[in-house]
Amino acid sequence: MAHPDHERASIRPVKQLVEDDFLSRPGVVGVDIGEKVAGGEPTGRLAIVVYVTEKRGAGRFGVPPDVLGVPTDVVEDVFVPHHTLASPGGVSGAERHDPVVGGIGVGPSRAIRFVPPDVPTADDYLVAGTLGALVRPRGNCQVMALTAFHVACVDDAWAVGDPMVHPSRVDGGHPVRDRVGSLARAALSSRVDAAALLLHTRHVRPEVVDLGPVTGHAEARVGARVRKRGRTTGLTEGVVASTDAAITLDFGVGIGVRTLHDQIRVETARFGDHGDSGAVLLDDANRVVGLYCAGSASRVFANPIGPVLDQLDVDVLTPGAPDSQTLGRGA
């Protein structure tokens, strides 16, 4: 059921009032605005939705039935960053793209040491995610590409200049021969989980596989259709359910637990999965509206693209950008 924007606007300050308090409680992993469900059926009323790791015994979270007249709804779910891990011996074949475009697999050349409880056994692991879209630093003509912070940086040992490969090493990419770029900029903040990779080739096209040329960027709108092309699930589409989600994610390996606010929520089964982090969400006009970062089997989340671009100090590269006529012709 579609709800007018003014309804959400009236609930937003109430939700923000209790958001940090709810998120501080053990077992609470998210707070959002969504339609209240009772007995498995939607009620038609907007509510403050509180996501918990286990709904049984939900009373222990101390969530009241309403806050200043706004109903609450407790929903069971667990959210994790959607990169993918594999041991060096577990690589597989994957698609290769030349020229470089958005929607393809990418990952660090280096292996990263993970230990329990982040993984079943301590080992050096390879990381993979998605290269989302091409961007250009504000003020110069270099070509970069977006991905997620937790794909490119992974742990607290990251450094500018870290080599990135396509295909990712998880997918059989060679740590030297398949270097496609290097880590140039990164941001992990209250709204953003993003990185920009400086590409080592001008053999690129400002488009996304299966979706065509990127036309710019825009704000996500509740109820609007979005599409993404990710390394793991390929081309999928869904509907923006919220732009007010606050979620807690455990990034592990030296980074720890962080909370992301004002996130885009897409409530479409199999919209994305592990390995899709870093993909961009495009609207029907092929404008970038979000940067995919995390989720569960039931719902996924993306950073709003405006803060991503501002914190990385980049702009979305489009076919009409200066010097775009040289892109795709090779070095």
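Predicted model: local features only at pLDDT ≥ 70, side-chain atom pairs only at ≥ 80, totals over all residues.
The protein contains 3 helices and 25 strands. Its radius of gyration is 20 Å, close to the 20 Å that the globule rule gives for 331 residues, so the protein is as compact as a globular protein of that length. Of the 331 residues, 55% are buried, and among contacts between residues at least 6 apart in sequence, 67% join residues that are at least 24 apart.

Now to the interior. In soluble globular proteins, nonpolar side chains tend to be buried together. Here the largest nonpolar core has 37 residues, and those with the most contacts inside it are Val100, Leu131, Leu134 and Leu199. Among the elements that give two or more residues to this core are strand E2 (41-52), strand E14 (179-188), strand E15 (193-199), strand E20 (234-250) and helix H2 (149-152). Apart from this core lies another, of 21 residues, which includes Val135, Val208, Val308 and Val314.

What is leucine 199 in contact with, once its neighbours within four places in sequence are left aside? Its partners include Val100, Leu131 and Leu134, and also Val143, Met144, Ala145 and Val204.

Val308, one of the residues of that other core, sits in helix H3 (residues 305-312), where Ile305, Pro307, Leu309 and Leu312 are buried along with Val308. Following H3 comes aspartate 313, and its phi is positive, near 60°.

Glycine 39 is placed in the loop between strand E1 (28-38) and E2, and with a relative accessibility of 81% it counts as exposed. Between the C-alpha atoms of glycine 39 and threonine 236, which are 197 residues apart along the chain, the separation is 30 Å. Valine 127, in strand E10 (residues 123-131), has a relative accessible area of 0% and is buried. From valine 127 to proline 108 it is 19 residues in sequence and 6.6 Å in space, C-alpha to C-alpha.

I would like to end with the backbone. Most residues other than glycine have a negative phi, and most peptide bonds are trans. Against that background, the peptide bond from aspartate 98 to proline 99 is cis, with omega near 15°, and proline 99 lies in the loop between strand E6 (84-86) and E7. The bond from histidine 166 to proline 167 is cis as well, with omega near -5°, and proline 167 is found in the loop between strand E13 (163-165) and E14.

Where phi is concerned, aspartate 262, in strand E21 (residues 257-266), has a positive value near 55°, and at 27% relative accessibility this aspartate counts as partly exposed. Asparagine 286, in the loop between strand E22 (280-282) and E23, has a positive phi near 60°, and asparagine 286 counts as buried, at 9% relative accessibility.

Definitions and conventions
Residues numbered from 1 in each chain as written. Heavy atoms only, no water. Core = buried A, V, L, I, M, F, W, Y, C linked by side-chain atoms within 4.5 Å. Buried < 20%, exposed > 50% of the residue type's maximum accessible area, 1.4 Å probe, protein only. Helix = DSSP H or I, 4+ residues; strand = E, 2+ residues; numbered from the N terminus. Contact = heavy atoms within 4.5 Å. Rg over C-alpha atoms; globule rule 2.2 N^0.38 Å.
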